[in-house]
Amino acid sequence: MTARLKASIAAIALLPALASCTETSPDAPPPLSQEALDSVSKDAGAPMDQLARQIDELFTKDGLGETRAVVLMADGKIAAERYADGYDSETRHISWSMAKTVTAVLVGMLVADGLLNEEAPAPIPAWQRSGDPRADVTLEHLLQMRSGLRHTEAGDPPYESSEVRMLFLDGRDDMAKWAKEQPLEDEPGARFEYSSNTTVILADIAASALTDSDDPDARRTAVADYLEERLFGPLGMTSMVPEYDASGTLIGGSLMHASARDYAKFGEFLRAGGQAPSGEQLVPSGWVAKMLKPSPASQHYGYQIWLNRPNPKLESPHPLFPDRAPANLFSLIGHMGQYVLVSPDQKLTLVRLGHSNREERPPMLNEVADVLVLYPER
């Protein structure tokens with residue numbers, strides 16, 4: 001037998017062993033797609049393959065709903081960005097209730113301008129009439145969702161919901177008027193009750209602080225110009241489109257539209273304590289601190305924003321994940337799974353936009369938490 005033949009036989013004998021070395025373990029994750037790898041920057045601040053896989057799972061894993069956009073900012077830079085088919089960096093996404101936090105910043109700027117006072121009774125003339133118990137409702141009560149007004153966010157049947165009636169039925173033409181006419185059902189300040197109607201009242205108060213006119217166009221223009229000059233413009237949020245009702249009131253509880261990148265800019269602005277990238281202080285840092293202070297009626301809520309604080313009084317699941325992220329993490333949260341999560345200790349802002357139902361949101365949020373835990377607290 002020649003030496004060449006012996007070598008060939010030996011190589012054939014080694015083939016099963018070589019094959020066993022290169023086989024993929026049944027438990028091993030599938031190879032990452034080029035799309036997944038390309039979504040992560042080279043200086044992401046976390047292991048690139050792990051980050052790419054976690055972002056990828058938000059788009060591909062079953063049972064999470066539909067993720068349409070993810071933008072992750074780490075230390076002020078884009079660490080990861082990815083979009084589903086049909087969406088891109090220019091696509092405007094509806095805010096739903098993430099708009100509430102923008103409204104809280106609007107109120108804060110007006111307080112800084114001396115036009116409003118959060119500790120004073122809410123400046124609503126109809127409530128200040130003799131004998132009206134709503135006179136005890138302060139601006140801060142409204143900001144912290146503890147006004148005591150009869151505002152039921154979800155109804156059964158749905159058309160009995162205060163939000164649905166205000167947005168689409170008998171309140172739709174003058175939403176703030178409808179919301180303000182509701183009576184008290186609790187003592188002001190006593191109980192937390194999440195309410196889009198309450199935020200529309202705040203938006204109406206903001207418009208009245210900016211103009212004495214009742215003309216819808218004048219009210220709309222006053223608020224739109226103020227937001228553009230004082231907030232959206234300095235932040236470079238060029239895609240932002242807020243909606244207004246027929247009376248000219250900002251639908252500040254649920255209807256704004258912006259790109260994922262612009263939502264990320266807003267999260268970074270809050271992480272910086274109200275400061276624009278230019279260094280300009282757009283709203284006092286003290287106001288942002290008040291926004292992030294737990295309400296006396298609910299430890300997981302501040303001024304129109306959700307906090308990652310444990311709340312043993314909660315009867316429903318926590319909307320965030322206090323067991324998996326720093327206690328000072330906070331979030332804008334919108335209907336069907338819109339999130340702008342900001343973690344100051346990790347120097348992160350994560351935007352997730354899409355469509356996830358009630359059952360899909362908890363596992364989806366768990367995947368989001370898996371992204372955050374790749375970054376250390378600093």
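Predicted model: local features only at pLDDT ≥ 70, side-chain atom pairs only at ≥ 80, totals over all residues.
Strand β7 pairs with two other strands. Two bridges join β6 to β7 in an antiparallel arrangement, and Leu-307 stands opposite Phe-330 of β7. The pairing of β7 with β8 (residues 338-343) is also antiparallel and extends over five bridges; here Ser-331 stands opposite Leu-341 of β8. Three residues separate β7 from β8 in a hairpin, and Met-336 in the turn has a positive phi of about 65°.

Ser-295 is located in the loop between α11 (285-291) and β6 (306-307). Its relative accessibility is 0%, so Ser-295 counts as buried. The Ser-295 side chain reaches the backbone nitrogen of Ala-297 at 3.0 Å. When residues up to four places away in sequence are not counted, Ser-295 touches Gln-144, Arg-146 and Tyr-301.

## Aromatic pairs and a charge over a ring

The structure holds seven aromatic pairs. One of them is formed by Phe-192 and Tyr-301, a tilted pair with 5.1 Å from centre to centre and 55° between the planes. Phe-192 lies in the loop between α7 (175-180) and α8 (196-210), whereas Tyr-301 lies in the loop between α11 and β6, so this pair ties together parts that are 109 residues apart in sequence. Both Phe-192 and Tyr-301 are buried. Ring pairs also link these two residues with Tyr-194 and Trp-306 into a cluster.

An aromatic ring also takes part in a contact with a charged group: the charged end of Arg-82 sits over the ring of Phe-59, 4.7 Å from the ring centre.

## Salt bridges

Side chains of opposite charge can pair when their charged atoms come close. The structure holds 20 salt bridges. One of these joins Asp-204 to Arg-219, with the closest N and O atoms 2.9 Å apart. Asp-204 belongs to helix α8 and Arg-219 to helix α9 (residues 216-235), so the pair ties together parts that are 15 residues apart in sequence. Both Asp-204 and Arg-219 are buried.

Partly exposed residues also form salt bridges. Glu-181 and Lys-177 meet through their side chains at 2.6 Å, N to O. Glu-181 counts as partly exposed because its relative accessibility is 46%, and Lys-177 is likewise partly exposed, at 45%. Glu-66 is bridged to Arg-68, the closest N and O atoms being 3.3 Å apart. The relative accessible area is 35% for Glu-66, which is partly exposed, and 22% for Arg-68, which is partly exposed as well.

## Pro-47

Pro-47 is situated in the loop between α2 (34-38) and α3 (48-60). With a relative accessibility of 40%, Pro-47 counts as partly exposed. From Pro-47 to Phe-192, the separation is 145 residues in sequence and 41 Å in space, C-alpha to C-alpha.

Methods. Residues numbered from 1 in each chain as written. Heavy atoms only, no water. Helix = DSSP H or I, 4+ residues; strand = E, 2+ residues; numbered from the N terminus. Buried < 20%, exposed > 50% of the residue type's maximum accessible area, 1.4 Å probe, protein only. Polar contact = N/O pair within 3.5 Å; in protein donor to acceptor, adjacent residues only side chain to side chain. Contact = heavy atoms within 4.5 Å. Phe/Tyr/Trp six-rings, centres within 6.5 Å; stacked < 30°, edge-to-face > 60°. Lys NZ or Arg CZ within 6 Å of the ring centre and 35° of its normal. Pairing = 2+ DSSP bridges. Salt bridge = Lys/Arg side-chain N within 4 Å of Asp/Glu carboxyl O.
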